[in-house]
Amino acid sequence: MYNVVKQFEKLKGRQDIVILGIESSCDETAAAVYSGGKILSDVVASQVEIHKRFGGVVPEIASRNHTLALPNVVDEALKKAGVGLNDVDAIGVTYGAGLIGALLVGVSSAKALAYAANKPLIKVNHIQAHICANYIEHENLKPPFLALVASGGHTSVVEVNGFNEYKLVGSTTDDAIGEAFDKVARLLGLSYPGGPNIDRLAKDGRNVIEFVKKKKTDGERISYSGLKTAVVNYIHNCKQREEEYDVKDVCASFTAAAVDPLVKMVVKNVQNLKTDKLAIAGGVASNSYLRAKMNEAGKHYGFEVIMPSPSYCTDNAAMVAVRAALSAREGRNLAELDLNPVGSLGIGGDE
Ligand code: KG4
Ligand code: ZN
């Protein structure tokens with residue numbers, strides 16, 4: 001009989017909980033062990049090379065490769081941390097948002113492990129986990145603060161009012177910022193994932209192309225679909241007129257057009273929340289222009305900008321384990337063994 005309620009209750013308030021985190025929401029298969037404010041191991045098996053030739057993530061192929069990689073990734077994470085499954089207090093797993101088939105692999109594996117070892121299973125919201133990556137290297141960070149999640153699937157400005165309190169206050173009206181980076185990169189013939197390639201080329205480019213007329217944004221909603229179309233049209237027109245275009249300038253101008261409105265949105269919300277802290281998160285938070293612009297805004301408007309190292313910005317299981325530990329400390333998010341993945345889980349949607 002699987003009954004872990006009492007075990008889970010005993011974790012309340014403890015700082016030294018040992019958590020095994022599992023992540024499989026997109027194309028990284030990851031496992032990590034976290035305890036007492038320290039990451040004991042952090043293993044990521046990336047499928048980037050597999051998906052590169054398709055120009056993007058193929059969901060079915062991602063699921064199949066998670067199935068192949070996950071047992072070894074979990075073993076390696078436990079081995080590197082020097083613990084066995086029995087030493088783990090609880091297992092945290094990403095159950096949304098993400099690709100449903102990919103999530104299903106992580107969730108099913110975590111359920112099997114929890115059942116076999118009789119350990120509590122904690123459901124983890126992937127977007128919240130991205131935000132929690134900030135606690136790894138900034139142990140003094142405490143809510144309230146404002147967070148920006150900029151990834152392949154999300155562009156969200158979130159008020160973090162407690163370790164388990166998240167409120168969405170701003171987002172895009174359509175595509176996510178990372179998706180726009182990847183699409184524009186593809187258009188320019190750069191390989192997947194496009195974000196890091198655009199970042200690299202933009203450093204030597206000039207922000208001289210005005211893709212969309214600068215509007216007074218209301219600081220609440222941003223569209224990336226329109227920006228993407230504007231870049232498509234620009235390149236198409238250049239080709240039709242048989243004019244050369246400078247890929248580096250396209251990268252620099254696109255990056256500025258994508259990031260600058262986000263800076264505005266963040267500044268407005270920092271002022272609304274009356275906080276002096278902004279934490280950034282998600283794959284696009286490793287973008288060098290975005291990091292520099294957020295720092296600049298922080299200096300100008302008087303707020304501190306907290307950011308994870310680039311490897312904690314992109315998908316990893318360390319952030320999942322940290323998120324799960326924070327849930328366990330407050331006795332929240334215990335999952336039953338009938339837990340199902342939720343592809344379109346919202347930021348506050350886990351309780
Ligand atoms: O957070 P993440 O690893 O996965 C999701 O949850 O989506 O984010 C992946 C996204 C991809 O779109 C990738 O192109 C983008 O993050 N990305 C970047 C950079 N590094 C990763 N975008 C811009 N500049 C970067 N340096
Ligand atoms: Zn992610």
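Modeller: A residue counts as buried under 20% relative accessible area, exposed over 50%, and partly exposed in between, with a 1.4 Å probe and protein chains only. This is a predicted model, in which local features need pLDDT of at least 70 and side-chain atom pairs count only at pLDDT 80 or more, while totals for chains, interfaces and linings use all residues. Residues are numbered from 1 along each chain as its sequence is written, chains are lettered from A and ligands numbered from 1 in the order written, and side-chain values use heavy atoms, without hydrogens and water.

Colleague: Which residues of helix 10 are buried?

Modeller: In helix 10 they are L290, R291, M294, A297 and G298. Seen down the helix axis, these fall within an arc of 130°, so they line one face of helix 10. The arc is taken from the directions running from the helix axis to the C-beta atoms. K299 and H300, on the other side of helix 10, are exposed.

Colleague: What covers the buried residues of helix 10?

Modeller: The cover includes strand 6 (145-150), helix 9 (247-273), strand 10 (277-281), strand 11 (304-306) and helix 11 (310-313). Helices (H or I, at least four residues) and strands (E, at least two) are DSSP runs numbered from the N terminus. Contact here means heavy atoms within 4.5 Å.

Colleague: How do you know that the span of helix 10 agrees with its number of residues?

Modeller: The expected span is 1.5 Å times one less than the number of residues. For the 14 residues of helix 10 (residues 288-301) this should give 20 Å, and the end C-alpha atoms are 20 Å apart, so the two agree. Just after helix 10, G302 has a positive phi of about 80°.

Colleague: Why is the site of the zinc ion (ligand 2) called tetrahedral?

Modeller: Four donors count as tetrahedral if all angles lie between 85 and 135 degrees. The four donor atoms of the zinc ion (ligand 2) make angles of 95 to 133°, and the site is tetrahedral.

Colleague: What makes an atom a donor to the zinc ion, and which are the protein donors?

Modeller: A donor is an N, O or S atom within 2.8 Å of the metal (3.2 Å for Na, K and Ca). H126 (NE2), H130 (NE2) and D315 (OD) lie 2.0 to 2.1 Å from the zinc ion (ligand 2) and are its protein donors. H126 and H130 are four residues apart in helix 5 (residues 126-137), which means about one helical turn separates them. Both H126 and H130 are buried.

Colleague: Why is I122 called buried?

Modeller: I122 has 0% relative accessibility, so it counts as buried. I122 is in strand 5 (residues 121-125). Beyond its neighbours within four places in sequence, its contacts include F8, I19, V93 and A335.

Key: Four donors count as tetrahedral if all angles lie between 85 and 135 degrees; four count as square planar and six as octahedral if opposite donors are over 155 degrees apart and all others between 65 and 115; anything else is irregular.
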